[in-house]
Amino acid sequence: MKASGADASTSRNLHAAALAHAMAGDLAACVRICMEAIGDRLRARALASEDNHIAYLLAECLARLGRPSASLSVLGQVTPIDINAGRQALMTIGVIFNSNLGGRALAEAAAQPDDAYYAPGSARMLLELHAACGEIDGYFRRIDIARLAREQPSVCARAYFWWPYAASMTNAAYREALVAFHRDEQRRLGAPAHGEVAATRPPDRSDGRMHIGYLTSFLGSSSFQAAVQPIIARHDRTRCRVTVVSIDDSGAAAPGLPPDIALVRLNATDPMPLAQHLAALGLDVLVDVVSFGDLHQSVFRAFYWKPAPVIATWLNATGTSGHPCIDFIIADAALIPPGWEAHFTEKVARRPTVAACYVPAAPLPRPAPLPAEGRIRFGNSANHHKVTPESIGLWAGVLRALPDSDFALRSPLLVDASMRERAHRLFEHHGVARDRVILEATRGFDSYIRSYHDVSVILGTFPAHGGLTIMEALWMGVPTVCLSGPTYMSRVGADVLAPLGLADLCPDSAEGFVDIAVRLAGDRKRLGEMRVGLRQDLDAGLGFAPATMAREAEDLFAAMLQARI
């Protein structure tokens with residue numbers, strides 16, 4: 001049902017009035033106005049797409065008033081119509097955690113009927129809630145992924161993004177599911193079955209240079225500036241022309257991007273126009289650093305029209321994309337060991353030496369001295385979606401083996417008292433008392449980076465390792481012990497640490513994880529040397545060497561073109 005012009009005008013006025021009350025802190029008045037606008041249709045379960053903006057505002061206010069079940073009920077009737085719907089789900093989750101309701105919301109999510117996991121509005125909300133709490137494995141035990149793919153393909157794509165964070169995921173199952181998903185999406189969109197180069201402007205190689213395009217959705221972020229931009233800036237301009245394509249609609253600036261690198265901003269709402277715009281750039285190689293399942297899902301759909309002769313994914317993958325038109329995935333042998341090629345639909349293009357890049361976008365504080373002898377402190381400051389029950393089980397094993405130790409878990413999500421209580425209970429389940437676990441909320445990058453000052457050893461998450469967080473800890477002189485597993489995301493630690501001579505910190509068993517963490521904690525000489533030496537090595541360009549990465553990438557791009565053209 002589509003609203004008339006008069007109805008639409010009234011709806012906009014009511015939304016403006018409700019929003020004004022919400023911004024003034026009068027949440028009850030906001031709810032009252034929202035119900036005046038859509039209450040009849042809400043009760044009749046007949047919301048129109050034009051009601052979405054009011055429904056999301058109502059859901060957010062209900063969450064802030066301590067009524068997460070009512071919020072989820074409203075979201076269950078919302079029909080997302082663009083990527084902003086997904087963003088609103090994330091915003092509502094943020095409100096829930098900032099209102100100390102995360103634990104309660106997760107419990108109430110478990111009590112939702114099965115159909116809520118497939119309803120247009122609540123499906124996305126329930127997925128993101130489980131992911132934020134580190135419970136993505138529980139989410140996949142609850143849902144039927146084939147049904148989700150049929151009824152909510154965009155939510156399903158986002159679920160596939162989160163699946164590598166689940167301990168039950170296998171490489172074979174992931175590849176099989178993604179291949180089927182893309183096949184169905186191609187059919188639904190009427191895209192060519194095997195990909196046809198949509199180029200309206202063929203690559204111009206008159207000057208003998210390759211034209212390389214980097215596609216990103218996080219241009220203005222510190223992670224892009226630290227982990228991607230240093231490589232882009234160091235490409236040999238006599239060998240290649242470089243274009244950065246941003247689909248970040250925030251209009252974020254790109255400080256530090258050299259002026260001779262073209263910056264193109266594109267709207268990522270519709271896949272076909274996006275494919276045409278990308279094709280018109282005349283690229284030789286399109287490098288995807290967006291990653292499958294990102295909020296900008298038009299990207300992987302645009303690739304069905306093959307907007308460049310060669311498409312490669314690099315730096316932000318979580319495993320295979322399963323995509324029929326992505327030709328290569330760039331990795332090294334630590335990340336994709338020999339023999340794993342069958343788990344990837346892409347050809348594996350292996351980097352010969354340098355594994356990762358991290359050049360701080362702004363000066364970092366100097367590493368603090370190694371904490372004084374006495375009680376050893378382990379810690380972790382990864383994003384909370386990686387703090388799974390399996391992670392806490394590993395950490396608890398170390399704490400039990402070393403009674404004179406404690407653990408500092410820090411993340412923005414721990415602003416929520418109910419999430420702190422949930423974490424304490426998970427540690428207690430594994431025999432670790434509350435007085436040995438410090439739970440603190442980090443607020444902003446400075447708070448986060450200084451959280452390494454009082455920690456001697458980071459214990460890594462599982463099954464998904466931190467990438468940037470491991471590198472940032474190294475810059476602060478703190479090593480990370482990681483459990484290497486059978487999936488791409490559980491190999492990231494080895495990918496980062498091995499080139500720095502720290503491969504021994506990546507065991508392949510839980511027993512080895514405990515043993516190495518305990519031995520490292522007792523080796524104050526080695527820890528002290530790392531506290532000073534890691535920063536010195538990284539300042540000198542050892543380990544994370546963007547210039548070397550750029551040269552090696554250029555060699556790979558040339559080989560890709562030779563193989564494809």
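Visitor: Which residues does L459 touch, leaving out those up to four places away in sequence?
Guide: In this predicted model, L459 touches F378, G379, N380, W395, V398, F407, V481, F513 and A517, with residues up to four places away in sequence not counted.

Visitor: And which members of the largest nonpolar core touch the most other members?
Guide: They are F378, W395 and L459, in a core of 156 residues. Helix α3, spanning residues 52–64, gives the most to this core, with nine residues.

Visitor: Changing topic, how many cavities of 30 Å³ or more are found?
Guide: A search of the whole structure finds four.

Visitor: Which residues line the second largest cavity?
Guide: Its lining consists of N380, S381, A382, Y452, I458, G460, T461, G466, T469, I470, A473 and T480. Helix α19, residues 468–475, supplies the largest share of that lining, three residues.

Visitor: How does that lining divide into nonpolar, polar and charged?
Guide: Five of the lining residues are nonpolar, seven are polar and none is charged.

Visitor: What is the mean pLDDT of the protein?
Guide: The mean pLDDT is 87, and 91% of the residues reach 70 or more. Over residues 1–6, however, the pLDDT is below 50, and that stretch has seven contacts in the model beyond near neighbours in sequence. Residues 81–85 also have a pLDDT below 50, with seven contacts beyond near neighbours in sequence.

How values were computed. Residues numbered from 1 in each chain as written. Predicted model: local features only at pLDDT ≥ 70, side-chain atom pairs only at ≥ 80, totals over all residues. Heavy atoms only, no water. Core = buried A, V, L, I, M, F, W, Y, C linked by side-chain atoms within 4.5 Å. Buried < 20%, exposed > 50% of the residue type's maximum accessible area, 1.4 Å probe, protein only. Helix = DSSP H or I, 4+ residues; strand = E, 2+ residues; numbered from the N terminus. Contact = heavy atoms within 4.5 Å. 1 Å grid on protein atoms, 1.4 Å probe; cavity = no way out; pocket = protein on both sides within 12 Å on 5 of 7 lines; lining within 4 Å. Points joined across faces, edges and corners; volume = space filled by probe spheres on them. Nonpolar A, V, L, I, M, F, W, Y, C, P; charged D, E, K, R; others polar. pLDDT = per-residue confidence, 0-100.
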